[in-house]
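Work through these exercises with the model in view. Try each task before you read its solution.

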Amino acid sequence: MMDAPTTPKDGTGARIPEEASPDAVLVRRTLAEIAPVADQVTSYFYALLFVRNPELREMFPAAMDTQRDRLLKALLTAAEHLDDAPVLTAYLENLGKGHRKYGTKAAHYPAVGEALIGALVRYATASWDAETEAAWVRTYTTISQIMIDAAAENEEHAPAWWQAEVVSHDLRTPDVAVVTLRPDQPYPFLAGQYTTLETPWWPRIWRHYSFASAPRPDGLLSLHVKAVPAGWVSNALVHRARPGDVLRLGPPAGSMTVDHSTDSGLLCLGGGTGIAPIRALVEDVAEHGDRRPVDVFYGARSGHDLYDIDTMLRLQKTFPWLSVHPVTEEQGRLPDAVCRYGPWEERDAYLSGPLGMVRRGVDALRGAGVPSDRIRHDFLAELTPASGDQPRSGACMARTPSMLPSR
Ligand SMILES: NC(=O)C1=CN([C@@H]2O[C@H](COP(=O)(O)OP(=O)(O)OC[C@H]3O[C@@H](n4cnc5c(N)ncnc54)[C@H](O)[C@@H]3O)[C@@H](O)[C@H]2O)C=CC1
């Protein structure tokens, strides 16, 4: 899960075609060459990094499985936005701030840069030359400087991490728990954002979780966690964590937040535990006293898996501007269900849930006429390389306008 800032558009929702800078052309050429052997590049990169700098090994988890593709994803995202300064800067600033919790220092960046260039030289043999190397050095210098500066600026007013005590643990289904935490210091965040979390049972393994409510006067934070197969952190949180356990939190991140400068309606898709930040957004709209229409499509495999439906229906009763549409797989998948209603052209759209749902949901909404710059989600890194401006299959193709059911 990554921050998803908006990209510049021409007003119709299509991305403005930009002339790629010479460095961006060279960097993307290298990335295209190494894409088929990305796994080997990543392994070689870490081997070089740890052989040359053994002291850095202890900053990484004992098992490197999930860590392995993160670097490449971050680089692909940075490379994709190389000519889009605001997007690149926001993304890297977030990354730089988030790296403070790992103990990353400015002095570590050159070692990473050298290992990166070493791995590229070895695997991008067809396209590598002096000019390409110079482009990569400039690119990495820019990337690392933005991260270093953001970390230094953040150090002046925020801790590198927070400790948070579990104050309640509510098992809603056999594999979904609502975990409420009390941070040891004030934890400022916005509704719709997420945190990174480390448990005492799996040191140095951090996972993302969205906040399930808007900031509360008592300062408590709640998260919805689903235990997924082989998910060490999620299984520990659902089946092992108890009140009194202390976790660590990284800084808040994410741009899936409500734009209070407009009064456009909201269209929200929450799949499974993806309902958590959607509920926070609804609370945020309510707290601002807005009367914007908000439609929430809440998808799950079965009725039993709609573990937060009671809360959502209670909110619907309280707020006349809110419509909640539960969707089980019997009724179809979430993006397809959204296509049966509308129109959505004037809405700000928010998607949260499994990657496949978000990917298909983005296509569906674009197909339904929602401009890309009004669609927000947390999967910037995952959707960037694959996303074009043309909706892929899954888009709403035929839609009857104004089919919203009355409640
Ligand atoms: N900010 C975010 O984006 C958040 C993301 N999540 C993620 O949401 C996921 C929740 O998992 P579960 O509860 O097991 O969800 P799930 O697998 O039970 O699916 C929930 C809904 O998404 C739909 N869906 C799933 N895959 C789809 C696909 N390929 N195409 C179209 N629709 C699809 C299903 O039909 C269902 O309505 C986790 O992966 C979690 O990491 C959770 C919280 C916040």
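**Exercise 1. Find how the protein chain is divided into domains.**

Step 1. The bounds come from an automatic or database domain assignment. Domain 1 covers 22-155, domain 2 covers 162-249 and domain 3 covers 266-383.
Step 2. Keep the ground rules in mind: this is a predicted model, local features need pLDDT of at least 70, side-chain atom pairs count only at pLDDT 80 or more, and totals for chains, interfaces and linings use all residues. Residues are numbered from 1 along each chain as its sequence is written, and side-chain values use heavy atoms, with hydrogens and water left out.

**Exercise 2. Describe the interface of domain 1 and domain 2.**

Step 1. Taken over C-alpha atoms, the centres of domain 1 and domain 2 are 29 Å apart. Contact (heavy atoms within 4.5 Å) involves 12 residues from domain 1 and 8 residues from domain 2.
Step 2. Domain 1 and domain 2 bury about 750 Å² between them, with 52% of it on carbon and sulfur atoms. Buried area is the accessible area (1.4 Å probe) that two parts lose on being put together, summed over both.
Step 3. On the side of domain 1 that touches domain 2, 6 residues are nonpolar, 2 polar and 4 charged. Here Ala, Val, Leu, Ile, Met, Phe, Trp, Tyr, Cys and Pro count as nonpolar, Asp, Glu, Lys and Arg as charged, and the others, Gly among them, as polar.
Step 4. A salt bridge needs a side-chain nitrogen of Lys or Arg within 4 Å of a carboxyl oxygen of Asp or Glu.

**Exercise 3. Locate the salt bridge of Arg279.**

Step 1. The structure holds 12 salt bridges. One of them joins the side chains of Arg279 and Glu283, at 3.7 Å, N to O.
Step 2. Both Arg279 and Glu283 sit in helix H8 (residues 275-287), 4 residues apart, about one turn of the helix. Helices (H or I, at least four residues) and strands (E, at least two) are DSSP runs, numbered from the N terminus.

**Exercise 4. Where do Pro343 and Arg204 lie?**

Step 1. Pro343 is in the loop between helix H10 (334-339) and strand S10 (348-352). A cis peptide bond joins Gly342 to Pro343, with omega about 0 degrees.
Step 2. Arg204 is in the loop between strand S3 (194-198) and strand S4 (206-210). Although Arg204 is not a glycine, its phi is positive, about 65 degrees.

Key. Polar contact = N/O pair within 3.5 Å; in protein donor to acceptor, adjacent residues only side chain to side chain.
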